[in-house]
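Visitor: Show me how to read the features of a model. Begin with accessibility, please.

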Amino acid sequence: MSKTLPRWADLILIPAINVLLAFFVAGLVVMFIGEDPVHAMGIMIRGALGSDYGIGYTLFYATSFICTGLAVAVAFHASIFNIGGEGQAGVAGIGVALVCLTLDQTHWLLTLPLAILGAMAFGAAWAAVPAYLQARRGSHIVITTIMFNYIASALLVYLLTNIFKMPGSMAPESRRFEDGANIPRLDQMADWIGLDMARSPANISLFVALIACVLVWLLIWRSRLGYEIRAFGFSDKAAVYAGISPFRITMITMLISGALAGLMAINTVMGDLQRLNLDSVLGAGFVGIAVALMGRSHPVGVVLAALLFGVLYQGGAELAFEIPAIPSQMILTIQALVILFTGSLENMVRFPMERLFLFINRGRA
């Protein structure tokens, strides 16, 4: 963090300006194709936040992004760029499916904890190989995690066409889980306390993701292991001098990161699809990179950034429905612009803001 900027400016002001710049450029693109950007923005906001139905879908997408964002954020603290969340979440779906297909004759109170353990174990196991290759062989973690995304996709295709496929079915998917693996949706939970809420795929895994945020905060800022992870990320040579093992920190960090990425399979495979198929991740692993960047790798920031991307996903779907001239790919453009401005172009905002605050501080002195 820069010493010339107050903490609130570094954590809130600069990301907010970056997002506004991304939306401004996106608005120019909308104008270029002949549509009104203000009208389009209004449709997006109403579609995502204007009804309990839209809010439910926004929270559903945000739940997945919180998990993958936390996964990237934990790795960032150790200066490890884990972009394998897509594959780790996909493989985690296998763990969820194995538990649900085995125990779906019981009750979701028994199935859910075991499915969480299955998702985290499979996600961590898929991250362990790239971690080992970097820690022992010096392989570049970016290259290996990208490759493992493709391997995970191929593995899912094989399993869904040979192992999990229902006899007589042409669809590459497992059978639907029975009632014992159906976790409560948010509208069902609202009904328990007498509230009426439109049906949406948002489910109890939202609270699982929020609990994960608290645990990550405790791990990174209130534990010895978290201190070692941050020390290693700040300077690996200084960490080694202090007796911290690079192999141990790399392996533990990637295992935690993979487990967090795998947690999103609870939201999609168990909560929404209620079966295992090829479309359970849908890019959430890559969105987690932008979420972690925008959220400054802090759990609170990750939650806020995940909500923003949830609004973009749900609002974008409504926008594509209301204005066919604006395709759904427009949302990918906005995401790319957010990543561009919060990542590679961040200094374009940071340096002028640092000079501005330096000028203000000199004026007060």
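**Surface, helix, rings**

Guide: Leu218 is partly exposed, at 38% relative accessible area. (Buried is under 20%, exposed over 50%, partly exposed in between; 1.4 Å probe, protein chains only.) This is a predicted model: local features need pLDDT of at least 70, side-chain atom pairs count only at pLDDT 80 or more, and totals for chains, interfaces and linings use all residues. Residues are numbered from 1 along each chain as its sequence is written; side-chain values use heavy atoms, without hydrogens and water.

Visitor: Where is Leu218 found?

Guide: In helix α8, residues 205–222. (Helices are DSSP runs of H or I, at least four residues, numbered from the N terminus.)

Visitor: How many residues of α3 are buried?

Guide: Of its 26 residues, 19 are buried. Helix α3 covers residues 52–77 and reaches 36 Å from first C-alpha to last, close to the 38 Å expected (1.5 Å times one less than its number of residues). Just after α3, Ser79 has a positive phi of about 60°.

Visitor: How many aromatic pairs are there?

Guide: The structure holds 9. (Rings of Phe, Tyr and Trp, the last by its six-membered ring, pair with centres within 6.5 Å; planes under 30 degrees apart are stacked, over 60 edge-to-face, the rest tilted.) Trp8 and Phe357 are edge-to-face, 5.8 Å centre to centre with 75° between planes. Trp8 sits in α1 and Phe357 in α16, 349 residues apart. Tyr61 and Tyr313 have centres 5.4 Å apart and planes at 50°, so that pair is tilted. Tyr61 is in α3 and Tyr313 in α14, so the pair ties together parts 252 residues apart in sequence.

Terms used: Helix = DSSP H or I, 4+ residues; strand = E, 2+ residues; numbered from the N terminus.
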